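Trainee: I would like to learn how to read a protein model. Can we take it feature by feature?

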Amino acid sequence: MRIGEGFDIHVLTEGRKLVLGGIEIPSEKGEYAVSDGDVLLHALIDAILGAKALGDIGKYFPPGKEYEGISSTILLEKVLEISKVEIGNIDSTVFLEEPKLGPYIDKIRENLSNLLSMNMDRISVKAKTMEALGPIGEKKAIAARVVILLKESTMEKIKTNKAPGAIGPYSQGYKVGNFVFTSGQIPVNPENGLVEEDTIEYQADRASRNVGEVLKAGGAGFDDVIKTTCFLSDMKYFAAFNEIYAKYFTSSPARSCVAVKELPKGVLCEIEAIAIVK
Ligand SMILES: [Zn+2]
């Protein structure tokens, strides 16, 4: 899990627009900056970059002519591209004395929701005055603080080159949180539909060990398997296969020894297993 925090402050001056979260707010004063000075988006950008330890806004958009008058929405879009974040939720506070933000809060949230492709109920925007204290209280500045939590994609592909024989698509898996999912296939010769090597026992052993290697690459073992199924293309292989299969998958409480399933052409068997990494 990752968290990000961002803070920004700008001088308020007459003759500038007040832009917050990409929305223009009617106001006598606006943010003084090279860009549109959107403190809320700037703090959000820093929170996003911070969550991924990618530095800060100045690293990607150094003050200069290039960004003169640029909409911070464009900066945010670039940062989303760079960081590839998926945000779980956002909490933010804008510190300003006036105008009252109440009537604009939902508009800002809606705009953020569109910019970030996430639900509004995961975006909080609050406003706070400084009770006339300090530069913000004296209406000389505006600031924003943003905290975000990242939704990290937990699905991770497992690859191993240790699987005996069947490699590539024939033995691979995925790890999602504490779960490891594997699916190993044993191919037959597509020309004549025959088992390619030696005997069916050999294939069954190899398929089981393939699954074992993928489990191992995902941090689990045969003992951690909670559900496994072995699918055969033809029941005539049952006896031979079942014996070998049972040898490896001994402790799984939900073991379906062998089931018959229509498998893709050229596939003799498929073993699926789900394990929990302890
Ligand atoms: Zn700024």
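Trainee: In which sense do strand β1 and strand β7 pair, and over how many bridges?

Mentor: Start with the general idea. Strands of a sheet pair through backbone hydrogen bonds, either parallel or antiparallel. Now the case here, in a predicted model. Strand β1 (residues 2-14) and strand β7 (residues 141-150) pair in the antiparallel sense, over ten bridges. For a landmark, find Glu 5: Val 147 in β7 stands opposite.

Trainee: In what order do the five strands of the open sheet lie?

Mentor: Read across: β4-β1-β7-β5-β6, with mixed pairing. Ignoring direction, neighbouring strands are turned by 25° against each other on average.

Trainee: Which strands does α1 lie across?

Mentor: Helix α1 lies across β1, β4, β5 (87-95) and β7. Its direction runs at about 155° to β1. Helix α4 (residues 105-116) also packs on the sheet, where it touches β5 and β6. The direction of α4 makes about 145° with that of β6.

Trainee: Now helix against helix. At what angle do α1 and α3 pack?

Mentor: Helix α1 (residues 39-51) and helix α3 (residues 72-83) pack at about 10°, and their axes are 10 Å apart. An angle under 35 degrees counts as roughly parallel, so α1 is roughly parallel to α3. From α1, the contact includes Leu 41, Leu 44, Ile 45 and Ile 48. From α3, it includes Leu 75, Leu 76 and Val 79.

Trainee: How many residues of that contact are nonpolar, polar or charged?

Mentor: Eight are nonpolar, four are polar and none is charged.

Trainee: Next, the faces of a helix. Which residues of α7 are buried?

Mentor: The general idea comes first. An α-helix has 3.6 residues a turn, so residues three or four places apart point the same way. In helix α7 (residues 238-248), the buried residues are Phe 241, Ile 244, Tyr 245 and Tyr 248. They lie on the same side of α7 because they cover an arc of only 100° around the axis. The face turned away from that buried side carries Ala 239 and Lys 247, which are exposed.

Trainee: Let us zoom out. How many helices and strands does the protein have?

Mentor: Seven helices and 13 strands. Of its 278 residues, 40% are buried. Among contacts with a separation of 6 or more, 71% join residues 24 or more positions apart.

Key: Residues are numbered from 1 along each chain as its sequence is written. This is a predicted model: local features need pLDDT of at least 70, side-chain atom pairs count only at pLDDT 80 or more; totals for chains, interfaces and linings use all residues. Axes are lines fitted to C-alpha atoms, for helices over the stretch in contact, and angles run from 0 to 180 degrees between N-to-C directions. Helices (H or I, at least four residues) and strands (E, at least two) are DSSP runs, numbered from the N terminus. Angles under 35 degrees count as roughly parallel, over 145 as roughly antiparallel, 65 to 115 as roughly perpendicular and the rest as oblique. Two residues are in contact if their C-beta atoms, placed from the backbone, lie within 7 Å. Ala, Val, Leu, Ile, Met, Phe, Trp, Tyr, Cys and Pro count as nonpolar, Asp, Glu, Lys and Arg as charged, and the others, Gly among them, as polar. A residue is buried if 20 or more other C-beta atoms lie within 10 Å of its own, exposed if 12 or fewer, and partly exposed in between; C-beta atoms are placed from the backbone. Two strands pair if DSSP finds at least two bridges between them. The arc is that of the directions from the helix axis to the C-beta atoms.
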